[in-house]
Amino acid sequence: MNETNPLQPAPEVENVAAEAQTEPAPETVTQAENIENTTTEAQAQVEADAQQPAEETLTPEAPLYETKEQVVERARAIEAEGTGGDKAELDYLKQVFYRLHRAAQIAARNAFVEGGGAPEDWRPEIDAAEENFKSAMLAIRQKRAELAEELERFKAENLDKKLAIIERVKELATSPEEANQHFDEFKQLQAAWKEIKAVPAERATEIWKTYQHHVEQFYDLLKLNIEAREYDFRKNQEAKERLCQQAEALADETDIIAAFQKLQALHAEYKEIGPVAKDQREAIWERFKAASTIINKRHQEHFESIKAKEEENLAAKTQLCESVEAIQTDNLKSFAQWDEATKQVIDMQAQWKTIGFANHKQNAIVFDRFRSACDAFFTAKADFFRNVKDEQNQNLEQKRQLVEEAEALQDSTEWRKTADKLINLQKQWKTIGAVPRKYSEQLWQRFTAACDHFFEAKNAATSDQRAEERKNLEDKRGIIEQLTQLAQDKANATIEQVRQLQAQWGEIGHVPFREKDALYKQYRAVADELYQHFGANQVRRRLEGFQKSVRQAVAKGESTLSREMDRLQRIYESRKAEIQTYENNLNFLNATSRSGNTLVAEMNRKVEKLREELDLVEQKIKALQAEIKAQQ
């Protein structure tokens, strides 16, 4: 059955003297979507939905669900409403639920693999949330099927009503006398016809043409006086002008989809309005059609812009796929390198979420490509970390022992003795390498909580020391000021002056805790500046002294060069190993507490000191190599 053009004007019905006109049938009502009518079919559809990988259609106004339970709760709410829900929202809930479901399975599988299990041995556990979700969706589908059946019954009832109206109009149009006598009843029948809405799609055009035929027959027989006829035309004219104004106002509607839908409703109403004067018919239709053309053009441009945006999104997503695939996991040899690469992948995953959909055909393909690239990266990362699992487990046991010792001391009131023990435990903590990441934060929180608990109790018990701490603060600020003056006049400064001030600094007691880090940072900065100045001279003098001692030993005929070379090389390797150990610890030390920040700062200072020593040893080795070469 061919559908009629929604922009075709509805022809008017002339009076008895005019030639009968036939209006076009309304557009065929879109057939209702095929919804399952049995429990078995609904259940099959729910199971099929669970197998469809989809990327959720997340519009700006759509709610964000973070857990599967939230999605199930919303599905249960829709089920309780008993309205069958909105299909777009149901699709969105299904997509969100199975994205979260798949993410949970991937996380469980990765945890299983990281725990030492073989990937092929992993089996997903039964998900109670999935069963609840399927149950809710099944109930909703059954409800939608019931509503669809009720709608079809409603359409059948409307068809019977319209057939009855057609029969009555047919009876009224049997003679001119009947038409004149029953004009008011005829108008009531027209009004009743307009109130009756949808009928079965396969009968819509047929009964519309039949109705129009008998209405035209009635008008052909109707002999009204000219005033009544003009009054009827005028009312129709006013109604159609009102529709023209509403259609023209839609040009300012910001929501083009809503505007297009409103336009379709206006067209349906326009067709239901009777004729106007013959000389006005073409003009008013052209006005209505012109307003419709604007909305239709905007509607078309809207979807063309969506298509162009989808092409841009496809290009952007393809670029992200290529970026993840370009990461060479074989070249990642350290924790720092893996952390940096992981940050890049996570950033790209976050960027992916900000990009809209590609076209329907390519969207699932590019999504699978991106997911496969990310899976390959994280699989390689899991393999790398599995290789250090044994070492981390040993470190885990050592740190657990330190945590238990710290927790056993946290309630002690032997302030000085216990403080020394806890500080010693903190030093031991720094020397232990990384532990499995899933235990790292928990152990660190327990360890720092025990230390903080003791030291906070100690501070509370020794609150009378605050006045002394404030005095110590002023004394240390004075030392910083003196060091600053030496740094400004380096030509006249001496290393002995710096050491004397540092000795005074060490003799001064504690300062207020809140001021400690900032004060030490100022002190360390000016001290480092001075030592950098004196250090370069000192290193040069030490190196010159070393070279002189080597030459003296050679002059005396002492065969010490090879032994000295062996000694220096052992020292060089030892310093390198110490630096590597500290750097590994820093990578895994998540210093979130105040004491943790102090540990990290102290470790960084030790690494810097070791690097200076390593550089000096390297210069000595080069000098010794030059002397050996000269002897040869």
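Modeller: Arg400 is partly exposed, its relative accessible area being 30%; the class runs between buried, under 20%, and exposed, over 50% (1.4 Å probe, protein chains only). The model is a predicted one, in which local features need pLDDT of at least 70 and side-chain atom pairs count only at pLDDT 80 or more, while totals for chains, interfaces and linings use all residues. Residues are numbered from 1 along each chain as its sequence is written, and side-chain values use heavy atoms, without hydrogens or water.

The partner of Arg400 is Glu397, and the two side chains meet in a salt bridge of 3.3 Å, N to O. The term stands for a side-chain nitrogen of Lys or Arg within 4 Å of a carboxyl oxygen of Asp or Glu. Glu397 is also partly exposed, with a relative accessible area of 48%. Both residues sit in helix α13 (residues 389–409), and because they are three residues apart, about one helical turn separates them. Helices here are DSSP runs (H or I, at least four residues; strands are E, at least two), numbered from the N terminus.

Arg76 is partly exposed at 32% relative accessible area, and Glu79 is partly exposed at 31%.

Helix α16 (residues 466–488) holds Asp475 and Lys471, four residues apart, again about one turn. This pair forms a salt bridge too, with the closest N and O atoms 3.2 Å apart. Lys471 counts as exposed at 53% relative accessibility, whereas Asp475, at 30%, counts as partly exposed. Elsewhere, salt bridges that share partners link Arg74, Glu81 and Glu89 into one network. Over the whole structure, a search finds 25 salt bridges.

As for the setting, the protein chain has 20 helices and zero strands. Of its 632 residues, 37% count as buried.

To return to the pair you asked for: Glu397 and Arg400 are joined by a salt bridge, they lie in helix α13 about one helical turn apart, and both Glu397 and Arg400 are partly exposed.
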